[in-house]
Amino acid sequence: MIFKTLVFGVIREAIAKKIFIGFFAISTLIILGFIAFVNFDSVEGIVTMSGDEVRELVLGFESFTLGVSYLLLITLCLIGVSSIIPSMLEKGNIDLLLSKPVSRSQILLGKFVGGLLLIFVSLVYLIGTIWLIVSFKFGYWNASFLSSILMLTFSFAVIYSLVIFIGITTQSSILAILINIFLIFLICPFLASREQVLFTFITGDVGHFIINFLYYILPKPNDLQTITGNIIKGEKVVSWQPVITSALFLITFLSASIFVFKKKDY
Amino acid sequence: MEVISTKNLKKEYQGSRFNKEKITALKNFSFNVQEGDIFGLLGPNGAGKTTLVKVLLGIVYPTEGEVSIFGDSIKNEKYKTRVGYLPENHKFPNYLTGEQVLHYFGMLSGMTKAQVQSRSDEYLKIVDMEKWKKTKIKKYSKGMMQRLGIAQAMINEPDLIFLDEPTDGVDPIGRKEIRDILIGLKEKGKTIFLNSHLLSEIELVCNRVAILNKGELIKEGTIDEITSTGNQHTFSTSDLSDAVINILLSQHFATLHGKNEFLVNTESPEVLNSIIDILRKNNVNILSLTKEKNSLENMFINLIGQQN
Ligand SMILES: Nc1ncnc2c1ncn2[C@@H]1O[C@H](COP(=O)(O)OP(=O)(O)O)[C@@H](O)[C@H]1O
Ligand SMILES: [Mg+2]
């Protein structure tokens with residue numbers, strides 16, 4: 001009961017701070033842009049297409065959409081939740097929260113689950129609507145596109161665990177945003193393409209070891225995006241390793257956050 | 001029954017990044033609060049009052065010592081369902097209305113939605129905030145916030161209520177209102193722990209007081225015990241003759257206040273009785289004899305002064 005109150009507290013805060021409205025507005029803009037984009041393609045052409053060709057077209061649209069927006073969506077979500085922990089830690093607020101009959105780990109998990117729920121609901125709206133539009137338009141219903149809602153939520157959860165950790169240790173939302181953007185757009189893409197790019201100018205076993213090591217311990221939004229693409233297209237996923245190591249990252253940072261939170265005086 | 005008890009509490013804070021020296025906020029602090037007490041903790045700013053309350057609520061961890069509340073250790077959060085707390089400078093989420101604040105924090109105290117809904121009106125009425133319950137709290141004045149804060153501290157019908165500087169920043173009228181609320185709570189038999197740097201607050205509502213300075217417990221007891229250490233006696237009499245005045249001044253070092261009143265500084269009943277004998281022998285009527293209480297304020301200033 002108390003846990004539920006904490007989780008819905010996050011949602012209410014997001015509504016009050018217009019984060020929900022923001023997500024809704026941006027999603028709606030994306031959807032409208034998408035509708036305009038889909039309409040460029042003449043409808044008449046479809047009639048003459050074979051089933052396979054329609055399927056290809058739909059999969060193409062869906063993977064293209066995610067290909068363009070995957071990292072941007074996660075960044076948007078990141079910005080949306082970045083203030084949850086710092087605002088919880090404000091003096092006069094955290095004291096009262098800690099005086100309630102709920103453990104510190106539950107408080108933090110409540111904030112985590114609340115943030116996930118917020119993002120999940122927003123993604124259901126965005127991805128769900130795009131799916132409906134594409135499916136209606138072309139008459140091919142590719143349910144596996146919806147799995148990208150879960151994959152995006154998971155990718156976000158991995159990043160969110162780091163946001164929580166930075167929030168608990170530094171109480172800064174800006175720092176959490178900057179570090180994560182740095183990771184998502186600079187470090188992680190480099191590491192993901194280490195074999196094609198980095199290894200051409202970093203040679204030697206030690207260098208390779210360090211880079212591989214970094215690759216395995218850091219989150220892998222790019223690889224998760226690739227896996228999502230595979231799932232949408234019904235292709236075989238080559239390796240689930242990125243999912244597993246990212247999950248370990250999530251668990252590590254969430255546990256570390258709880259550990260730090262439990263020790264601190266407020 | 002002992003509601004709060006601590007033994008040899010010590011709290012050291014980590015110093016700032018630039019000054020590594022540790023700050024000792026509580027030293028060897030042992031005390032207890034009994035059921036039904038309105039306990040006042042008095043001390044200047046920085047004395048460690050807030051730190052003590054935070055230790056009792058598990059918000060801050062003691063460096064050394066033991067704490068028990070309702071006779072149990074505070075390792076398990078369970079006891080907090082029976083506790084209410086008004087933090088110093090509290091900050092409720094400002095997008096909520098007064099009523100929503102009570103619902104939200106009531107439910108965080110473990111109450112059901114139905115329970116908070118049925119009780120919130122009652123408590124809003126006690127603190128006289130009923131008409132504002134649908135207003136967002138960002139529009140509230142400081143006094144209104146404090147009254148809502150007290151309602152929040154009561155919403156789960158706690159057995160023990162902590163109020164940290166409940167009248168801080170509130171105007172005199174608001175202060176009086178808050179004092180009346182506290183007196184109402186006292187009548188309900190709640191155990192209240194009140195922090196204040198204002199003596200008048202404590203003197204008016206508390207039955208037990210502790211004085212804290214620089215983390216140390218200086219004195220503890222009932223208001224009477226703490227304030228009755230004075231030994232000034234005031235005599236009110238019919239007109240004093242010059243002869244009598246001479247005797248009083250020369251033998252007893254009395255301080256005269258006109259022809260009908262004088263003060264004597266003594267602890268000895270024999271001295272008082274011999275003065276009475278002199279007065280009666282000289283046909284002076286004694287209208288009253290009172291022992292001046294050291295007001296808590298004088299007491300407080302004296303004690304803190306001795307410390308420094
Ligand atoms: N979180 C903290 N970190 C470091 N020092 C603190 C902290 N909180 C309080 N202090 C210090 O501990 C002492 C006691 O503070 P406090 O308990 O707030 O006193 P009071 O409530 O009586 O004004 C002060 O010297 C204060 O500066
Ligand atoms: Mg204080």
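Start by selecting chain B, where there are 10 helices and 14 strands (DSSP runs numbered from the N terminus: H or I of at least four residues for helices, E of at least two for strands). Chain B has a radius of gyration of 25 Å, well over the 19 Å that the globule rule gives for 308 residues, so it is more spread out than a compact globule. That radius is taken over C-alpha atoms, and the rule is 2.2 Å times the number of residues to the power 0.38.

A quick note before moving on: this is a predicted model, where local features need pLDDT of at least 70 and side-chain atom pairs count only at 80 or more, while totals for chains, interfaces and linings use all residues. Residues are numbered from 1 along each chain as its sequence is written, with chains lettered from A and ligands numbered from 1 in the order in which they are written.

Now show both chains. Here, 25 residues of chain B are in contact with 20 residues of chain A (C-beta atoms, placed from the backbone, within 7 Å). Pick out β6 (83-86) and α2 (98-108) of chain B, which each supply at least two residues of the side touching chain A. The most comes from α2(B), with 4 residues.

Chain A averages 90. Its confidence is lowest in helix α3 (residues 43-47), at a mean of 57, and highest in helix α13 (residues 241-263), at 96.

Definitions and conventions. pLDDT is the predictor's confidence in each residue, from 0 to 100. Two residues are in contact if their C-beta atoms, placed from the backbone, lie within 7 Å.
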